[in-house]
Amino acid sequence: MSLSRAEKALAREECIVAIENAINQTTFRWGGMKLVSVDQFDRATIAELFSVTDVMKSMVNRVGGCDLLTGKILTTIFFEASTRTMCSFETAMQRLGGQVVRVNASTSSAKKGETLQDTIRCLECYTDISVLRHPQKGSVPGVAKYTVNPLLNAGDGVGEPPTQALLDLYTIHNELGGKVDGLTVVLLGDLKNGRTVHSLSRLLTNYSSITLRMVSPASLAMPDEVKEALDTSSITYTEHRSLHEVMSEADVIYVTRVQKERFEDPEEYLKVQGTFDICAQTLKDGNAKDDMIIMHPLPRVGEIHEDVDSDPRAAYFRQMKNGMFVRKALVALLLKAA
Ligand code: NCD
């Protein structure tokens, strides 16, 4: 049934009130936050974020967008390629009534030798919140001390993408009945260079009785730095070279692509590429559980065959959609909360 113009306006107003109420119920100091690492989160803050995310999701489903952030401008500053992360932040802002300015490496004054902090400080003169992706590990936390406006790290080389880990966790939480404690999560593929698995592993340390099965070629194993963070947590982890041996116990299989652009030697890439591709038959042969889910941060370049897409356990496109909802919640919290 289609709504009249007045009914739509009322519905949008009701959504704004619902979002404001959800934001007002949070107690963490979200306002003005510089979100650079998953280490800034604990169970309570994650729960607050997810409750605002739920409201964002129902708002999109009900009215598509509202005017909560009218008059605010978000800038996306991406020095590395991105489709999903950039577009989900941009659509998140637009669905909240705000506007977006996009900056990329090829058009920015970085080409003239400008420092990253100067680029951001200048952009902050025009806008209200920044999202930054940069190829160098540590660059986003490094620049955060120079910035005045809220800042979101959209990935710094092989370092962190905290907002990706939050949307991954939201997906796990939503798909598996609100339960995270006690899950067995298989991380598959390029665990060395795939930054999403680094951030997700660290974020999962907030939950109890988690088992991580890390499956990769030996040369692409999880870095020691991440394993050391897990050693001081309650997470149990083991490393494997075969997916088959852990598939049947998985509640989540989180697949990653081999990160070609991070290899110095193309021969090394060719040696490992395609090692862990999965298809419908792989899931059958490995006795994957009926109620498990398959995730991928995307882009995929062959690791998950398209014949898996129609399997209800394939959660990766739902995961993408959750990215926009989580990022809407973050942008609104950073701009609106106390
Ligand atoms: C990933 C990334 O950028 O690290 N994608 C994403 O965040 N959506 C994964 C990848 O590039 O393989």
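Modeller: K227 belongs to helix α8, residues 224-231; a helix is a DSSP run of H or I, at least four residues, numbered from the N terminus. This is a predicted model, where local features need pLDDT of at least 70, side-chain atom pairs count only at pLDDT 80 or more, and totals for chains, interfaces and linings use all residues. Residues are numbered from 1 along each chain as its sequence is written, and side-chain values use heavy atoms, with hydrogens and water left out.

Biologist: Is K227 buried or exposed?

Modeller: Buried means under 20% relative accessible area, exposed over 50%, partly exposed in between (1.4 Å probe, protein chains only). K227 has 13% relative accessibility, so K227 counts as buried.

Biologist: Which residues does K227 contact, leaving aside neighbours within four places in sequence?

Modeller: Contact means heavy atoms within 4.5 Å. With those neighbours set aside, the partners of K227 are M214, M222, Y237 and E239.

Biologist: Is D224 buried or exposed?

Modeller: D224 also lies in helix α8. Its relative accessible area is 51%, so D224 is exposed.

Biologist: How far apart in space are D224 and K192, C-alpha to C-alpha?

Modeller: In sequence, D224 and K192 are 32 residues apart. In space, C-alpha to C-alpha, the distance between D224 and K192 is 9.4 Å.

Technical notes: Helix = DSSP H or I, 4+ residues; strand = E, 2+ residues; numbered from the N terminus.
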